[in-house]
Amino acid sequence: MVAVVLLVPVLAALALWAFAWPAARTAPHDLPLGVAGPATATAQVQKQLEAHEGAFEIHHYTDEAAARDAIEDRTVYGAVVVTEQGPKLLTASAASPLVAQSLQQAVAQQSGGAPMETVDVVPASANDPRGAVLTSSVLPMTLAGIAAGAVVTLLGLRGRHAVAALIGAAAVVGTVAALIAGSWLGAFTGGWWPEAGALALSTLAVSAAVAGLAALLGTPGIGLGAFVVMMLGNPFSGASSAPEMLPAPAGVIGQWLPPGAGASLLRSVSFFDGAAASGPALTLAWWAALGLGAVLLGSALKRRRSSGSSAPEPAPLTS
């Protein structure tokens, strides 16, 4: 009774901290932003942007074309182009609708509220302009991964059978998710197979981590794995905004965990032709590889313990 009375409030406090703290402190934190044009012309714009201390990480480009390339490569979230007619704002709502809106507000304040041309270089899907589907996909993929890892553990699958079940479940989840979000809802604009692969890899990274911890630690490993990906990975993913919109170090931690890496990978393959996909893909691959390796290791250790305990005792020596 004492354990329940003390444990439940602690878990509630942790959940409130993990979910409410990043949401309450959502704002640009070293958000990559481009400034394009001659140095003499962009100096004033840069000075005005730097007045937001710690908000933007300024990247310089010679012209609008270079700034557009940087946005499409996911180097920056947007750019202010200085032209003879006045400043022009380039955004990418596909990278983050919230960031695109925030940039419009910030640049409009610097221009005194004067009308400014805004161009959405990489727009989100017309069927999902606010990116709600991609944001909403993070939690189901996480829950599917936790469920797969837990079911494999509780059913007693070990070794290669467990690995095959985890990979098969992730492939099915990725296929179904791509059919629903991409084909039916039309929320993604990239290739169907890369999107399905990104969703499957995100699921496998979670399920392998949960099953791997359970193989090494027993049933409590399920709870530990679920805690990490749900209580930290989900709220720190930055899927609803961007990693640079979260307070430090939440954004960085989130990209090291499967939900954040999965959201970033899905954005890259869905809207940016795979630009900047290698980092999150490698993160997910490491989680999957380490988790599956732990599953095989745990099975081997259990077989060794079983064989050792079942060995016959030597007969006593008699004179």
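Asp273 sits in the loop that runs between helix 10 (258–271) and helix 11 (278–309), where helices are DSSP runs of H or I with at least four residues, strands are runs of E with at least two, and both are numbered from the N terminus. The model is predicted, so that local features need pLDDT of at least 70 and side-chain atom pairs count only at pLDDT 80 or more, while totals for chains, interfaces and linings use all residues. Residues are numbered from 1 along each chain as its sequence is written, and side-chain values use heavy atoms, with hydrogens and water left out.

Asp273 counts as exposed because its relative accessibility is 79%; buried means under 20% relative accessible area, exposed over 50%, and partly exposed in between, with a 1.4 Å probe and protein chains only. On the surface, Asp273 gathers with Asp63, Asp69, Glu72 and Asp73 in a patch of negative charge. Such a patch is made of residues with over 30% relative accessible area and no salt bridge, like charges being joined within 9 Å, and a salt bridge is a side-chain nitrogen of Lys or Arg within 4 Å of a carboxyl oxygen of Asp or Glu.

Arg74 belongs to the loop between helix 3 (64–72) and strand 3 (78–83), and its phi is near 65°, a positive value in a residue other than glycine. Arg74 is partly exposed, because its relative accessible area is 22%. Asp30, in the loop between helix 1 (2–24) and strand 1 (31–36), likewise is not a glycine and has a positive phi of about 55°; Asp30 counts as partly exposed because its relative accessibility is 45%. The backbone also contains a cis peptide bond, with omega near 0°, from Ala248 to Pro249, and Pro249 lies in the loop between helix 8 (220–233) and helix 9 (250–256). As background, most residues other than glycine have a negative phi, and most peptide bonds are trans.

Two side-chain contacts involve buried residues. Lys88, placed in strand 4 (residues 86–91), is buried because its relative accessible area is 13%, and its side chain is joined to that of Glu64 by a polar contact of 3.2 Å. A polar contact is a pair of N or O atoms within 3.5 Å, of which, within protein, one must be able to donate a hydrogen and the other to accept it, and residues adjacent in sequence count only if both atoms are side-chain atoms. Ser264, found in helix 10, is buried because its relative accessibility is 13%, and a polar contact of 2.7 Å links the side chains of Ser264 and Gln255.

Methods. Patch = residues over 30% accessible without salt bridge, like charges linked within 9 Å, V, L, I, M, F, W, Y side chains within 5 Å. Areas by Shrake-Rupley, 256 points an atom, 1.4 Å probe, with all protein chains shown as cover. Lys, Arg positive; Asp, Glu negative; His and termini not counted. Charge placed at Lys NZ, Arg CZ, Asp CG, Glu CD.
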